[in-house]
Amino acid sequence: MAKIMAENLNQNDQGQEVISTVGMTVALVSFAMLFATLMMGFAMFRFTAPVWPPAGMNRPSLILPALSTLSIFLSSLSYIWFEKDIANKKGLILTIILGLGFMLLQSLLWGQLKSQGIFVSSGIFPSIIYAFTWIHAAHIVAAIGLLFWLLNFVLKEVNAKARRRASSVGKFWHFLGIVWFIMFMTIFVL
Amino acid sequence: MAFFEQHIHEAPKTFLSKYVFSFDHKVIGKQFLWYGIAFLGIGGMMALMIRWTLAFPGEAFPLIGHFLFPQTNGVVPPDTYAMLFTMHGTIMIFYAITPILIGAFGNFCIPLMIGARDMVFPTLNMLSFWLAVVSAILLLVSLFTPLGAAAGGWVSYPTLSLLIGSPGIGQTLWCLALFILGVSSTMGAVNYIATIITLRAPGMGYFDMPLTIWGLWLTAVLNALFLPVLGAGLLLLTFDRVFGTTFFLAGAAATSGSGDPVLFQHVFWIFGHPEVYILILPAWGIVSDLLSFFARKPAFGARATALSMTSITVLSTVVYGHHMYTTQMSPLLTQSFMMLTMTISIPSAIFFANWLGTLWKGSIRFQTPMLFSLGVVFVFGLGGLTGLYLATVSTDLYLHDTYFVVGHFHYTMAASVLLGGFAATYFWFPKMFGRMLNETLGKIHFWISILGLNGVFMGMMIVGYAGMHRRIYNPFVYEFLEKLIPINTFITWSAILMGFGQLFFVYNFVYSMFKGPVATQNPWEVGTLEWTIPSPAPVHNFDEIPVVKCGPHELGNPNLKGRDFQYQTEELVEV
């Protein structure tokens, strides 16, 4: 009897894992379509513009965006470290710190742009920089919220359920890192 | 195919957990049904006001006109007219049809028809409904803002929808409301997709699913893929309005690197064309099933129907350009989009022929759900065929922006989807509420509706072909349209007749819910899984998860003894 119950529990865990994987994958495809649409709009402006960046505007400095990229890259690495053994919460805490650091760098970036006289309404390129980073940052804020929620959960119990949640939140976090990397390359570098 | 068995949860006890913040897919389905029907009423009233203005320009709207428009002695003012057709489109598409077919019947049917106890993510499901309520409140509030609600058409093209065209807060609220509704629908879509992939009863392969589930599943896929596209467009439009970005701003911004209003059209229709199929696919699925159930024979070519619906889903993502032939696209592009659009008629013709094949030599029972399904076959045939004229570039250039377009998309989206929704309501009402709807009232409702809507939409096509433009407050100031006043009056009377017919439905629905004859477990004598359990369905649906042994349309098998259908849980009867 005990064995059957254990098997049922095991089957239940496997089933739940499939479900959370399928659910999170579909959700990420949706998020990807949102960012893909933004990128499509950007590509259209970029390829039809005679010069880029548009006349009279300099490229924003690369330092802060590059630091953001570094910070979000390290946060993904530390999350992978956390996922290897979710009983070790240091990786998760480090991810949260790096995530908050990313947000700090983003707000510094917005401040720097404003101090250079690049405002939201100064044309299409600033519009793209501000709007895309805002939308991405909104997702990062939500994801940091999820990281705190996960931390709260793993502090209480470490089990299969916690692992599933860690894996789902992790997919979202890595996804946002990839989106940032694409935005960094296309908007700031190229 | 189920990966595991869901637990049986205890039945909720308090009023709040039972009827308001319920996790139960059946209750959420009913909530969406109420929501959709309420908005159907509001949108319908708006349609009547539009029609009244077109038939009797300058005359007060009867009964409630003086209350609504006191400044003009009850006449619909021109700016209000623009708001009315904008909000009519928005409400009908996003707040009436989507909740009824996808929200209500998606939620209600999916777990029951695939043999699951609930959706995989019940909390997400509840959240999806309450976000839809938040969105509805935002939209309704926008009607009472100082400069009124959004008035740039349901497509809200810039620059009409920018601060230049609509300075009021109504348009911003419209954007936010639709964005939130998009989030809500995407949540629902994630839920539907995951549920259908993981929770099908043991033995149920994809081709053993009823076609209703096929339709809903494909719809959910399109929703998950393309609602975020609209979301992105709406976000950028909101930023343009609120923060002063210049994405869709043309002209003046050209000096500082210009925006592009046409970009919004691209984004909108990349979403918008799949949206057409998002609305119609559930109706196709439901009708494919009901035709088989009431013709008492297996669905002809059920696999081909499922596959052609799938190929339409795929094709629907690459044809959006046919909405934009007149935006100075390169002729190479317009012709490519024309070819791709025409390609859709191949799978459409396949499943349409399958519908006729299902009916052929059936022993048809003309009960109300069947009448509505046959109505769908008729109006969808008309709607689909008139679509060809709009898909062809050379005819579209003439017909673009006329009432022909309005007639066409009302035939496909309004008429087909509405009749499909009514068919589903009449069919699943016993399983929802445990009582039967009145057949006589249902038939009266059907005949008035079908006469009314054909009068309206056929009339629209005729005036459109004669050159009458859409979205004009008083088209008869143009001399060449003056002769169209009588036919416009006819359309309006047909619309009033159709609106009047819906009263039979409302009365029937409310009365039968409390006083109708008690339904048996399987009043329609069909074999899909939801009819193997009592009516109304118990909280946890299935005491034991059913094991599926045959397809959903095993009707009229000559080897059957005593009845002409068998349940999906029974072995296929062979000699």
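1. A residue counts as buried if 20 or more other C-beta atoms, placed from the backbone, lie within 10 Å of its own, as exposed if 12 or fewer do, and as partly exposed in between. Tyr157(B) is partly exposed, with 17 other C-beta atoms within 10 Å. Tyr157(B) sits in the loop between α5 (122-142) and α6 of chain B. Helices here are DSSP runs of H or I of at least four residues, strands are runs of E of at least two, and both are numbered from the N terminus.

2. The model is predicted: local features need pLDDT of at least 70, side-chain atom pairs count only at pLDDT 80 or more, and totals for chains, interfaces and linings use all residues. Residues are numbered from 1 along each chain as its sequence is written, while chains are lettered from A and ligands numbered from 1 in the order in which they are written.

3. Back to Tyr157(B). Leaving aside residues up to four places away in sequence, Tyr157(B) touches Gly152(B), Pro261(B), Phe264(B) and Gln265(B); contact means C-beta atoms, placed from the backbone, within 7 Å. Tyr157(B) and Leu263(B) are 106 residues apart in sequence, yet their C-alpha atoms are 9.7 Å apart. The loop between α5 and α6 of chain B also holds Thr159(B). The peptide bond joining Pro158(B) and Thr159(B) is cis, with omega about 0°.

4. Overall form of chain B. It has 15 helices and zero strands. Its radius of gyration, taken over C-alpha atoms, is 24 Å, close to the 25 Å that the globule rule gives for 575 residues, so chain B is as compact as a globular protein of that length. The rule is 2.2 Å times the number of residues to the power 0.38. The C-alpha trace spans about 75 × 50 × 50 Å along its principal axes. Buried residues make up 55% of chain B. Of the contacts with a separation of 6 or more, 79% join residues 24 or more positions apart.

5. The interface. On chain B, 33 residues are in contact with 31 residues of chain A. The elements of chain B giving two or more residues to this side are α6 (169-198), α7 (211-242) and α8 (261-294). α7(B) gives the most, with eleven residues. The chain B side divides into 22 nonpolar, eleven polar and no charged residues. Ala, Val, Leu, Ile, Met, Phe, Trp, Tyr, Cys and Pro count as nonpolar, Asp, Glu, Lys and Arg as charged, and the others, Gly among them, as polar.

6. Packing around α9(B). The axes of α7(B) and α9 (residues 302-315) of chain B come within 10 Å and cross at roughly 10°. Axes are lines fitted to C-alpha atoms, for helices over the stretch in contact, and angles run from 0 to 180 degrees between N-to-C directions. α8(B) and α9(B) pack at about 175°, with axes 11 Å apart. That makes α8(B) roughly antiparallel to α9(B), a term for angles over 145 degrees. Tyr277(B), Leu281(B), Trp284(B) and Ser288(B) of α8(B) meet Thr305(B), Met309(B), Ile312(B) and Thr313(B) of α9(B). This contact has five nonpolar, three polar and no charged residues.

7. Backbone points to check. Most residues other than glycine have a negative phi, and most peptide bonds are trans. Lys361(B), not a glycine, has a positive phi of about 60°. Lys361(B) is exposed, with 10 C-beta neighbours inside 10 Å. Glu525(B), also not a glycine, has a positive phi of about 55°. Glu525(B) lies in the segment after α15 (485-515) of chain B. In chain A, the peptide bond from Trp52(A) to Pro53(A) is cis, with omega near 0°.

Definitions and conventions
Contact = placed C-beta atoms within 7 Å. Parallel < 35°, antiparallel > 145°, perpendicular 65-115°, else oblique.
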